Amino acid sequence: MPMVTKQPNSRMCFVCGLQNPIGLKMAFYQTPEGECLTRVTPGDEYQGYPGILHGGIVTAILDETLGRAIIGTVDCFAVTAKFEVKFHHPVPTGYPLIARGRITRQRTRTFEASGELILEDGTVAASASGMYIRLPAAEMERARRELGFWAVVPDEEPVTFD
């Protein structure tokens with residue numbers, strides 16, 4: 001089980017916003033090796049076909065996880081420039097999922113990252129890769145101010161990724 005450090009949550013982000021009434025309210029964790037991990041059990045309200053997680057929600061989870069690998073490793077915000085998802089297996093709603101992401105290439109202004117969404121039995125249900133562009137420092141500060149909330153909220157119970 002990797003040692004992890006919890007990342008901040010925002011207020012209204014669809015994926016990590018704690019006050020977004022229709023959001024996933026996900027928490028993200030960083031390993032010392034630079035991998036970002038998260039755990040989620042999406043409900044039926046996020047389905048496409050009955051009992052199957054909508055592909056757009058799968059994509060949102062993976063995009064946020066890859067972007068969070070950048071935040072956790074480099075401590076900067078970056079926006080998605082290009083993103084590709086490969087769907088390997090249907091993703092059921094109502095069951096625990098793990099997503100993981102990592103930076104695969106870093107340049108001055110851009111990052112490349114990859115990751116996976118993993119089913120409860122260890123099967124990789126979807127994989128993704130993307131390119132992200134670093135926000136300039138002034139834009140990053142403006143974004144942090146406008147978030148209104150960007151803080152690590154302690155977990156009620158210990159979180160593990162085995």
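Analyst: A residue is called buried under 20% relative accessible area, exposed over 50%, and partly exposed in between, with a 1.4 Å probe and protein chains only. The model is predicted: local features need pLDDT of at least 70, side-chain atom pairs count only at pLDDT 80 or more, and totals for chains, interfaces and linings use all residues. Residues are numbered from 1 along each chain as its sequence is written, and side-chain values use heavy atoms, with hydrogens and water left out.

User: Why is Glu-116 called buried?

Analyst: Glu-116 has a relative accessibility of 14%, and therefore counts as buried. This residue belongs to strand 7, residues 110–118; strands (E, at least two residues) and helices (H or I, at least four) are DSSP runs numbered from the N terminus. Strand 7 is mostly covered, with eight of its nine residues buried.

User: Why does Pro-154 count as exposed?

Analyst: The relative accessibility of Pro-154 is 69%, so the residue counts as exposed. Pro-154 is located in the segment after strand 9 (150–151).

User: What makes the link between the side chains of Glu-116 and Arg-100 a polar contact?

Analyst: A polar contact is a pair of N or O atoms within 3.5 Å; within protein, one must be able to donate a hydrogen and the other to accept it, and residues adjacent in sequence count only if both atoms are side-chain atoms. The side chains of Glu-116 and Arg-100 are joined at 2.6 Å, and a polar contact of 2.8 Å joins those of Glu-116 and Arg-102.

User: Which residues does Glu-116 touch, not counting those up to four places away in sequence?

Analyst: Contact means heavy atoms within 4.5 Å. Among the residues that Glu-116 touches are Leu-62, Ile-98, Val-124 and Ser-127.

User: What links strand 7 to strand 8?

Analyst: Strand 7 pairs with strand 8 (residues 124–134) over nine antiparallel bridges. Ala-113 faces Gly-130 across this pairing, while Glu-112 stands opposite Met-131. Their hairpin has five residues between the strands, and there Gly-122 takes a positive phi near 95°.

User: What makes strand 1 and strand 5 edge strands?

Analyst: Seven strands form an open antiparallel sheet in the order 1-3-4-6-7-8-5. Strand 1 (5–6) and strand 5 (78–87) each pair on one side only.

User: What is known of the largest pocket?

Analyst: On a 1 Å grid over the protein atoms alone, a pocket is an open set of points with protein on both sides within 12 Å along at least five of seven lines, and lining residues have an atom within 4 Å of a point. The largest pocket has a volume of about 370 Å³, where volume is the space filled by probe spheres set on the points, joined across faces, edges and corners. Its lining comprises 18 residues, with Glu-64, Arg-68, Ile-71, Phe-77 and Ala-78 nearest its centre. Helix 1 supplies the largest share, six residues.

Terms used:
Pairing = 2+ DSSP bridges. 1 Å grid on protein atoms, 1.4 Å probe; cavity = no way out; pocket = protein on both sides within 12 Å on 5 of 7 lines; lining within 4 Å.
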